[in-house]
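Welcome, and please have your viewer ready.

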Amino acid sequence: MPPDPHYGESPHNGLFVSGLCKSYGPVQVLADASFEVRPGEVVALLGENGAGKSTVSNIIAGSTKPDAGTITWRGKSYSPASPAAAIDAGVGMIHQELKLLPDLSVAENVYVGRLPMRGGRIDRAAMNAQASAQLKRLGLDVSPERKVRTLRIAAQQQVEIAKALTLNAELLIFDEPTAALGGEETELLFKQIRKLKAEGMSFIYISHRLDEIAEIADRVVVMRDGRIVARHERADIPVRTVVEQMVGRSVERMFPQLSPPGDQTLLAVENLSSPEKSFNNVSFSVRAGEILGIAGLIGAGRTELVRAIAGADPISSGSVRVAGKPVHLNGPAAAIKAGVVLVPEDRKAQGVVLDQTIGENLAFGNFDHVAPKGWVFPKAVQKFAEAGISRLGVKGKPNQAVSKLSGGNQQKVIIAKWVSRPPKVFILDEPTRGIDVGARAAIYDVIADLARSGMAVVVVSSDLEEVLGLSHRVLVLSRGRQRGILDRSEASNVAVMELATS
Amino acid sequence: MAVSNDTSDLKGGELKAGAQAATAARLSALFAGTMGPLIGLVLLCLALTLTTDTFLTVRNILNVLDQITVLGIMAIGMTLVILIGGIDLSVGSVLALAAMVMGFVAHPDYLNLGMPAGIVAALVVAGLCGLVSGLLVTVTKLPPFIATLAMMSVARGLGNMITDGSQIVGFPDWFTSLSITRHFGFLSVTVGLMIVLAIIFAIFLNYRATGRSLYAIGGSAEVARLSGIPVKSLTNWVYAICGVLAGLAGIVLAARLDSVQPSSGLGYELDTIAAVVIGGASLSGGVGSIGGTAVGVLIIGVLRNGLNLLGVSPFIQQVVIGVVIALAVATDTWRRRSQ
């Protein structure tokens with residue numbers, strides 16, 4: 001894309017990034033990136049995973065050094081040698097994975113590394129008072145003496161913001177700040193961003209949630225393959241336009257055509273409750289070839305419900321029948337044997353062993369098949385893996401480490417692990433979380449194929465559009481209670497949200 | 001990955017290359033991550049061959065093998081424990097307890113029930129110690145470090161209680177000859193036992209579903225559980241087997257010394273962990289192999305032997321072994337990062 005025609009036109013005291021390049025070995029992850037952030041504005045940085053957003057932010061926040069290019073910040077040349085140097089210059093970054101010390105207090109976290117001292121001892125009174133003042137500025141009512149571990153994720157994030165404020169940050173970089181937040185918490189965050197913006201602070205805002213951008217950002221910068229491919233002077237641009245710019249082609253058909261479900265009921269859940277009441281008295285059934293979406297806000301009990309059905313967590317009452325037969329849910333092994341498999345929410349922690357090969361990962365759930373007499377031979381694993389890889393279209397080889405795959409391909413490996421059994425009930429929890437927009441369509445196709453092959457499919461997702469586009473019916477949970485099951489014809493954004501917030 | 005297979009002769013070439021790659025993969029699986037330590041071992045042997053007259057003699061090599069049997073047998077069990085992301089600090093104490101139990105049951109001055117009964121009792125007690133450690137980890141949810149630290153103290157205390165701290169001396173000739181008589185001119189029963197166990201466990205870890213499952217548990221216990229692998233019961237088994245092998249090492253040590261004492265095996269847990277780690281295993285689990293552990297055990301054994309031949313004081317030996325541990329793990333970490 002040609003240089004920004006408006007670049008540097010209005011001299012201001014903000015951030016100018018000019019011609020940043022960065023390569024790791026032969027791979028160029030950033031090529032000639034230029035953009036600006038004016039004082040008091042929020043610039044959204046959009047792009048698929050690997051587009052170069054993180055590299056740009058890391059350079060600005062001082063944790064990565066560019067190969068070429070310059071940055072000007074507040075009228076001066078700026079090339080931070082370390083995150084500490086960036087912080088000294090007033091640039092802070094709030095990482096997706098929060099960097100807090102869970103067993104220290106809120107105030108200690110805010111002031112860590114520069115605890116106020118008096119007479120050789122930590123001045124706790126002053127520290128707590130100052131931290132309290134910063135938290136108030138954010139409209140947060142949390143005792144500065146509380147341990148961070150006891151706070152909700154959203155509140156922990158506020159502590160990080162408070163910390164940046166006490167460091168006199170004037171530019172804050174947010175990396176996917178709302179990934180772990182619910183609706184209300186997101187609203188609170190946006191309120192705070194607007195308030196700080198009014199005080200003259202600047203923000204770089206990275207997110208995958210395109211719907212948020214229109215709400216919070218002033219301008220949008222779109223990246224693809226290490227390059228800046230579009231700059232928008234306003235944020236209320238159609239989502240489709242942005243997605244097309246991100247993936248570099250037009251997104252014709254995001255969701256696959258669904259086939260009509262069969263008659264046989266494969267999964268019947270009756271009055272299921274969890275010991276912690278994270279879900280209560282849930283009843284539903286799924287037929288062969290049917291996709292049931294489960295929608296709800298964060299904390300509504302969706303993940304807990306499907307984990308329990310897959311035997312991963314205990315239940316307190318209720319029953320689950322698979323193809324008419326009751327399943328004794330006393331562990332994942334029993335559920336798998338009954339034909340219920342789960343693609344878990346946290347791909348990297350629960351789905352794959354990252355350091356091991358695709359072949360090993362596929363074999364782990366299938367020793368009864370790969371090693372019928374208990375003997376595992378590399379050739380059998382290889383053959384099994386090749387079958388799974390070609391069936392799901394995984395871009396990889398059996399002896400390749402799973403950590404080297406993209407998120408979408410890792411997800412396909414997990415699906416491939418189960419698909420050959422074949423299961424009767426296939427549960428997918430957040431199947432596209434953290435996966436590139438372009439790679440999502442492939443996952444959707446796979447899910448539709450699972451249903452087409454006669455399985456009962458359950459899909460949990462926080463992405464409402466995904467649930468609506470992919471499901472024959474949508475079950476809505478709110479605070480652990482089942483609020484209703486909507487048919488595809490009656491399920492709309494509004495209808496689902498009404499139930500989810502009830 | 002799209003593989004072109006439009007011409008048949010090309011395909012044949014690919015198949016052949018594939019077979020070769022498979023053989024290479026199998027070999028590299030057996031010595032997974034042990035290339036570095038293996039090179040280190042070879043260099044060490046070369047250096048000692050050049051600097052001493054006595055290192056590269058049949059007699060000395062057999063000596064080295066005799067000296068590493070106790071460490072070698074314990075290291076097999078420790079490999080399993082470290083593979084699943086655990087640690088067992090109790091092996092030295094369990095070794096001593098098992099040896100004392102054997103002495104107490106078998107020796108004429110005590111129960112006098114005969115050697116076979118003594119050996120069985122020793123292995124059962126050692127296995128129970130391991131099982132208790134395992135249950136502390138899986139049921140009580142203690143960190144393995146703490147669970148086995150507790151067992152280390154308990155087993156040592158029990159070992160002392162049996163004879164109120166005194167040693168038991170004198171076992172039948174056939175028993176002590178297990179470690180002395182070299183059949184076919186080179187192989188004592190104890191060395192043979194170590195080699196057979198190493199082969200059995202290498203096959204187990206490489207080719208049995210249960211063995212492969214241990215790699216899954218070490219890689220991520222939650223992934224393994226959600227894949228239907230019985231993580232808890234396997235964990236219990238692994239600690240129990242590690243205990244039995246420590247007990248077996250205690251019996252071998254008793255044969256070598258013709259006596260048992262409650263203070264034996266002090267600090268052996270650290271040597272054992274060192275051997276496994278030098279052999280390329282990761283303390284966070286999921287990475288390691290019997291082949292690697294064998295190399296690690298040999299490095300420690302050869303190093304001790306060589307330093308003795310060179311007349312280096314035992315105190316300096318400790319320093320050298322410490323440096324080798326740091327070097328081995330540092331090179332491994334560095335190599336991984338550069339990949």
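## Ground rules

This is a predicted model: local features need pLDDT of at least 70, side-chain atom pairs count only at pLDDT 80 or more, and totals for chains, interfaces and linings use all residues. Residues are numbered from 1 along each chain as its sequence is written, while chains are lettered from A and ligands numbered from 1 in the order in which they are written.

## Chain A as a whole

Chain A holds 18 helices and 22 strands; helices (H or I, at least four residues) and strands (E, at least two) are DSSP runs, numbered from the N terminus. Its C-alpha trace spans about 70 × 50 × 50 Å along the principal axes.

Of the 502 residues of chain A, 46% count as buried. A residue is buried if 20 or more other C-beta atoms lie within 10 Å of its own, exposed if 12 or fewer, and partly exposed in between, with C-beta atoms placed from the backbone.

## A buried strand

Take a look at strand β3 (residues 42-46) of chain A: 5 of its 5 residues are buried, so β3(A) is largely enclosed by the rest of the structure. V42(A), A44(A) and L46(A) point one way from the strand, and V43(A) and L45(A) the other way.

β3(A) pairs in the parallel sense with strand β10 (residues 202-206) of chain A over 4 bridges, and V42(A) stands opposite F203(A) there. β3(A) also pairs in the parallel sense with strand β11 (residues 219-224) of chain A over 4 bridges, where L46(A) stands opposite V222(A). Strands pair if DSSP finds at least two bridges between them.

## Domains of chain A

The assignment gives domain 1 (15-247), domain 2 (253-339 + 423-502) and domain 3 (352-420); such bounds come from an automatic or database domain assignment. The centres of domain 2 and domain 3 of chain A, taken over C-alpha atoms, are 25 Å apart.

In chain A, 10 residues of domain 2 are in contact with 9 residues of domain 3, where contact means C-beta atoms, placed from the backbone, within 7 Å. Helix α16 (residues 437-452) of chain A gives the largest share of the domain 2 side, 4 residues.

## Where the chains meet

The contact takes 28 residues from chain A and 26 residues from chain B. On the side of chain A, the elements giving two or more residues are α10 (332-338), α11 (347-351), α12 (358-364) and α14 (378-392).

## Nonpolar cores

The largest nonpolar core has 176 residues, and those with the most contacts inside it include V340(A), I427(A) and M74(B). A nonpolar core is a set of buried Ala, Val, Leu, Ile, Met, Phe, Trp, Tyr and Cys residues joined through C-beta atoms within 7 Å. Helix α11 (residues 231-257) of chain B supplies the largest share of this core, 17 residues.

Leaving aside neighbours within four places in sequence, I427(A) is in contact with residues including V306(A), I309(A) and V340(A). A second, separate core of 64 residues includes A131(A), L135(A), V148(A) and A169(A).

Conventions:
Two residues are in contact if their C-beta atoms, placed from the backbone, lie within 7 Å.
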